[in-house]
Amino acid sequence: MKKLIYSLLAGVLLMSSCKDQDLMNIDPNKPTQTHPQLLLTKIEWDTFRAYSGTSPLYATRMLVQTDGESEGQYFKWGRGDFSPYSSLRNVTKMIEEAGRINDNSYIALAKFFRAYYFYNLTLTFGDIPYNQALKGEDQAGYMPPVYDSQKTVFQGILKELDEANNMLKGLNVIIAGDIIYKGDAAKWRRLVNSFRLKVLMTLSKKESDNDLKVKETFAQIVQSEPILGNTEADGDGQLIFLDQEGNRYPEFNSSGFGSGMFMASTFIEHLQNRKDPRLFLYCTQTKIGKEAGKPINDFTSYEGGDPAAPYAETSIKAAAGKVSKVNDRFPSNPTNEPLVLMGYSEQEFIIAEGIVRNWISGDANQHYKNGVKASFKFYQTYVKGYEAYLTEEKANDYLALPVNNFALSTTTAQKMEQIITQKYLRTFFQSGWSAFYDNLRTGYPEFRRPAGVTVPYRWIYPQSEYDNNRDNVSKAIETQFGAGNDKINQQVWWVK
């Protein structure tokens, strides 16, 4: 009996010793568990800033470079990168932690963030790893992920957004760690549904695909689901910046706004032709215009460089004081306007387009007006010193000008051009590459470029995929474009 007791005690001591040893082996500086709210804050901060910056503005003919050739300006880019997968690892971890504490609110938001990142990844490259992506942490033995077709990826994106909407429905909790909507699940649901409209409109060339049900789903969302509104209570999904270390506007104190960055003529001319006061808060007067004493609202005191001309040509013009620069407020103001991931203005242009395409019934003119007015109101609210140019009265005057009056457009092509161009004019330092993808999809607005240069459809896959996942990336290239044709001018599924 004593031997049995001693054996049991020895076993208990051994188990205790093992547990103590396990505890000793845990690094307190590298926790394996956390509350999902801590992950959510970082995910939101990273995601809402992920596609900001100047790179898209060269491709969308808003900026030109004078001290060297910009690859974006001349459509000469090469490889993209898979860095969004690193951000998605935090999203995957948030799903894991939310499951551990049985909190569906974080799982719903994680589905939205997954959809957002995969949406941008597939538009960047074409086919990408989706179903087998991000499995390394929860599977024994890492296997390089296979690539899913772009159609499969879009189907997955739409499914995850639908699931996020349903999970948020009726959710009566405050989502801790949320810096966008302060934990309001109902507002997140509106954002999710509005983003669904954006994804569906991206697939406008696939409106007849029975598997996707683009038109039917679009109509169901507009008619039956909550979407963004034009008030603070139901408004934009945006990241507001504070004048605090680590919370400032991403372009604040950026060295990129040096002597070589100027405005592109095509963008300035779009704004001048429409007598658009947003011109004043986007850029500066030319040196010549300012020295002549012209007021800020004199449209003739603004001029850009030709994005299709050799950069040296624009450099000479800029040196003569004849080219506008980016407004000083972008690198000098620590807060500026918020970055909008998805907003009411963009949504209204999307709905207007849906009506023109006969996906839904409604007043396209009213939604077009809503989009323009919302953009004016946004800048009136957040950009100080320009409020007088952006009042509702000014917006109404602007919309009454024949060039801006949607009611005067009679053909589908004219209506589409007006909607997409207005959608484009609100994307200066906003919405990442959205305007570029709209151009690929619709042809509007026309992007001026050097003779013989075509607008690329995609980026080349990262070198890391060739180094670590060669078989799968090679198969994806062959399936899409033919063996060895990993090139920027290869047309991808969504625009065919």
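Predicted model: local features only at pLDDT ≥ 70, side-chain atom pairs only at ≥ 80, totals over all residues.

Modeller: Residues are numbered from 1 along each chain as its sequence is written, and side-chain values use heavy atoms, without hydrogens or water.

Biologist: Is Gln-480 buried or exposed?

Modeller: Buried means under 20% relative accessible area, exposed over 50%, partly exposed in between (1.4 Å probe, protein chains only). Gln-480 has a relative accessible area of 16%. So Gln-480 is buried.

Biologist: Which residues touch the most other members of the largest nonpolar core?

Modeller: A nonpolar core is a set of buried Ala, Val, Leu, Ile, Met, Phe, Trp, Tyr and Cys residues joined through side-chain atoms within 4.5 Å. The largest has 134 residues. Those touching the most other members are Phe-118, Trp-188, Phe-428 and Phe-436.

Biologist: How many salt bridges are there?

Modeller: A salt bridge is a side-chain nitrogen of Lys or Arg within 4 Å of a carboxyl oxygen of Asp or Glu. Asp-211 and Lys-151 make such a pair (2.7 Å, N to O). By this rule the count is 24.

Biologist: Which residue forms a salt bridge with Asp-306?

Modeller: The closest N and O atoms of the pair are 2.8 Å apart. The partner is Arg-448.
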